[in-house]
Amino acid sequence: MSGKRVVSATINGEEVQFLCEPRQTLLEVLRDTLDMTGTKEGCTNGNCGACTVLMNGRPVVSCLVLALEAQEAEIRTIEGVSCGSELNPVQSAFLEGAALQCGICTPGFIMQTEALLEANPQPTEDEIRFYLSGNLCRCTGYDKIVRAVQAAAQQRQAAAE
Ligand code: FES
Ligand code: FES
């Protein structure tokens, strides 16, 4: 008998059902089963933040979440943040601020930033650095990333006025 289970979740606003084994992580299912490869795999042990997605509005490292835990959950991934064919303010700010090089860390940073700006639309630099401290980048250093988050916060604020 197969040990696979059916999981129902909402991913980027769409109801999705998938089969998974109890040992499989949400990251594995997103990338390998659902072909949503925007979420990146770095360390697979919770240390780099590359695999960050939002689960019921909170950032989680999807390599440490069992796919079974996504039952009835609302998941948001990097594929769900753009506004149709337009980049959203956080994506634009990272691009315009050259806050990425190889890009492996970028989806995780963007999802973490989305969660930050939802909770705290005008964070201080210290708050940004603290909130993003679980996301690692081997290429850029962090200053450009922090500047991009500040620019995104300003853009979002201007759009809301
Ligand atoms: S791949 Fe999940 S934290 Fe690094
Ligand atoms: S851009 Fe390469 S790890 Fe961040």
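Which residues in H3 meet which residues in H5? In this predicted model, the H3 side of the contact consists of Phe 109, Thr 113, Glu 114, Leu 116, Leu 117 and Glu 118, and the H5 side consists of Ile 145, Val 149, Ala 152, Ala 153 and Arg 156. Sorted by class, the residues of this contact come out as 7 nonpolar, 1 polar and 3 charged. H5 covers residues 143-160, and its axis comes within 11 Å of the H3 axis, with a crossing of roughly 45°. H3 and H5 are therefore oblique to each other, and their crossing is right-handed.

The protein chain has 5 helices and 5 strands. Read from the N terminus, the order is β-β-α-β-β-β-α-α-α-α. The radius of gyration is 16 Å, close to the 15 Å that the globule rule gives for 161 residues, so the chain is as compact as a globular protein of that length. Along the principal axes, the C-alpha atoms fill a box of roughly 55 × 35 × 25 Å. As for burial, 42% of the 161 residues count as buried. Contacts between residues at least 6 apart in sequence were also sorted by separation, and 55% of them join residues at least 24 apart.

Back to the helices, this time with H2. Two packed helices are described by the angle between their axes and the distance between the axes. For H2 (residues 89-96) and H3 (residues 106-119), the axes come within 10 Å and cross at roughly 130°. H2 and H3 are therefore oblique to each other, with a right-handed crossing. On the H2 side, Val 90, Gln 91 and Phe 94 take part, and they meet Thr 106, Phe 109, Ile 110, Thr 113, Glu 114 and Leu 117 in H3. These residues divide into 5 nonpolar, 3 polar and 1 charged.

H2 also packs against H5, at an angle of about 140° and with the axes 8 Å apart. That makes H2 oblique to H5, and this crossing, too, is right-handed. From H2, the contact draws on Pro 89, Val 90, Ala 93, Phe 94 and Glu 96, while H5 supplies Ile 145, Ala 148, Val 149, Ala 151, Ala 152, Gln 155 and Arg 156. By class, that gives 9 nonpolar, 1 polar and 2 charged residues.

Some residues turn up in two of these contacts. Phe 109 in H3, for one, meets H2 and also meets H5. Phe 94 in H2 takes part in the contact with H3 and in the contact with H5.

Conventions:
Residues are numbered from 1 along each chain as its sequence is written. Chains are lettered from A and ligands numbered from 1 in the order in which they are written. This is a predicted model: local features need pLDDT of at least 70, side-chain atom pairs count only at pLDDT 80 or more; totals for chains, interfaces and linings use all residues. Side-chain values use heavy atoms; hydrogens and water are left out. Axes are lines fitted to C-alpha atoms, for helices over the stretch in contact, and angles run from 0 to 180 degrees between N-to-C directions. Helices (H or I, at least four residues) and strands (E, at least two) are DSSP runs, numbered from the N terminus. Angles under 35 degrees count as roughly parallel, over 145 as roughly antiparallel, 65 to 115 as roughly perpendicular and the rest as oblique. A crossing is left-handed if the near helix is turned anticlockwise from the far one by less than a right angle, and right-handed if clockwise. Contact means heavy atoms within 4.5 Å. Ala, Val, Leu, Ile, Met, Phe, Trp, Tyr, Cys and Pro count as nonpolar, Asp, Glu, Lys and Arg as charged, and the others, Gly among them, as polar. The radius of gyration is taken over C-alpha atoms; the globule rule is 2.2 Å times the number of residues to the power 0.38. Buried means under 20% relative accessible area, exposed over 50%, partly exposed in between (1.4 Å probe, protein chains only).
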